[in-house]
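Please look over the chain below before reading on. The paragraphs after it go through its parts one by one.

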Amino acid sequence: MLELQAVGKTFGALQALRGVDLHLRRGTVSGLIGPNGSGKTTLVNIITGVYAPDSGRVLLDGKDVSRASANQITRLGVSRTFQNIRIFNRMSVLENVIVALIGHDKLGLFPLLGSVRGVGGAGVEAARRTLETVGLLKQSNLFASELPLPLRRRLEIARALVCDPKVLVLDEPAGGMTPAETASISELIRSRIAPGRTCVVIEHKLDLISRVCEHLCVLNHGEKIAEGDPRSVMSQPEVIEAYLGRA
Ligand SMILES: Nc1ncnc2c1ncn2[C@@H]1O[C@H](COP(=O)(O)OP(=O)(O)OP(=O)(O)O)[C@@H](O)[C@H]1O
Ligand SMILES: [Mg+2]
């Protein structure tokens with residue numbers, strides 16, 4: 001499915017990723033954890049074509065996509081959410097999801113613009129189905145800016161989900177949430193978002209990771225230091241020292 005082979009990335013003198021190998025198994029949810037600045041978001045940016053790796057390769061279904069643009073990667077079925085939520089505050093919740101379809105081959109620009117203006121059509125149908133999935137249908141006509149943070153994160157997920165991606169990468173889906181809100185988003189990911197998809201979840205909140213992930217990978221200073229079953233990974237002394245120990 002999605003494979004990183006010896007991926008390296010530097011920013012000036014800073015080595016953000018060093019020789020990272022990662023194999024995402026089809027249909028499973030993998031977690032990616034690590035201290036601040038360990039390279040998690042950089043890894044997501046490489047998977048999604050925002051950056052090309054300086055060394056190593058990214059393979060999608062066996063095809064080398066290391067030099068593909070972010071748009072090409074999206075069209076190949078890889079979608080993501082952003083750690084810093086990127087939604088249009090002055091658009092409605094529904095419009096935010098419809099415009100996320102722009103750039104996909106599935107629907108043309110003009111039908112989509114028609115959808116945004118309330119003409120209806122396939123874009124609206126897909127957007128409403130996705131809002132139902134994430135539990136935001138009732139809020140469809142609110143401005144995005146009117147949503148509280150946990151629902152803004154759900155909207156961010158809906159925007160990534162509406163094109164029905166094969167691979168979905170969630171960058172801190174519970175960022176800024178209380179424990180109760182985190183439990184609720186964990187359940188949503190586990191029961192409604194992940195099934196049938198290959199997912200990567202980046203999160204500092206280990207309760208979310210242990211509820212949602214079947215596989216866990218730990219980065220420290222740009223290097224993969226552990227990988228495997230979440231429970232056994234979290235009990236490894238090197239992981240506890242690098243990550244859990246600092247809490
Ligand atoms: N575009 C960039 N230019 C320069 N340095 C960058 C850039 N992007 C990331 N970095 C640096 O690379 C390192 C890894 O950053 P990254 O954002 O991948 O970490 P992270 O694991 O996602 O951290 P956090 O938990 O804080 O989100 C950091 O030292 C960061 O400052
Ligand atoms: Mg990050």
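A residue is called buried if 20 or more other C-beta atoms lie within 10 Å of its own, exposed if 12 or fewer do, and partly exposed in between, with C-beta atoms placed from the backbone. The model is a predicted one, in which local features need pLDDT of at least 70 and side-chain atom pairs count only at pLDDT 80 or more, while totals for chains, interfaces and linings use all residues. Residues are numbered from 1 along each chain as its sequence is written, and chains are lettered from A and ligands numbered from 1 in the order in which they are written.

Start with the division of the chain. Domain 1 covers 1–77 + 165–247 and domain 2 covers 85–162; such bounds come from an automatic or database domain assignment. Taken over C-alpha atoms, the centres of domain 1 and domain 2 are 25 Å apart.

Where the two domains meet, 14 residues of domain 1 are in contact with 12 residues of domain 2, contact meaning that the C-beta atoms of two residues, placed from the backbone, lie within 7 Å. On the side of domain 1 that touches domain 2, two or more residues each come from α2 (70–75), β7 (167–171) and α7 (179–193). Helices (H or I, at least four residues) and strands (E, at least two) are DSSP runs, numbered from the N terminus. The element that gives the most to this side of domain 1 is α7, with five residues. By class, this side has eight nonpolar, three polar and three charged residues. Here Ala, Val, Leu, Ile, Met, Phe, Trp, Tyr, Cys and Pro count as nonpolar, Asp, Glu, Lys and Arg as charged, and the others, Gly among them, as polar.

Next comes the ligand. The residues around ligand 1 are F11, L14, A16, G34, N36, G37, S38, G39, K40, T41, T42 and Q83; a residue is near a molecule if its C-beta atom, placed from the backbone, lies within 6 Å of it. At least two residues of this shell come from each of β2 (14–24) and α1 (40–47), and α1 gives the most, with three residues. The shell around ligand 1 has three nonpolar, eight polar and one charged residues.

Two backbone positions remain. Most residues other than glycine have a negative phi. D164, in the loop between α6 (149–161) and β7, has a positive phi near 55 degrees. D164 counts as partly exposed because it has 15 C-beta neighbours inside 10 Å. E172, in the loop between β7 and α7, also has a positive phi, near 55 degrees. With 21 other C-beta atoms within 10 Å, E172 is buried.
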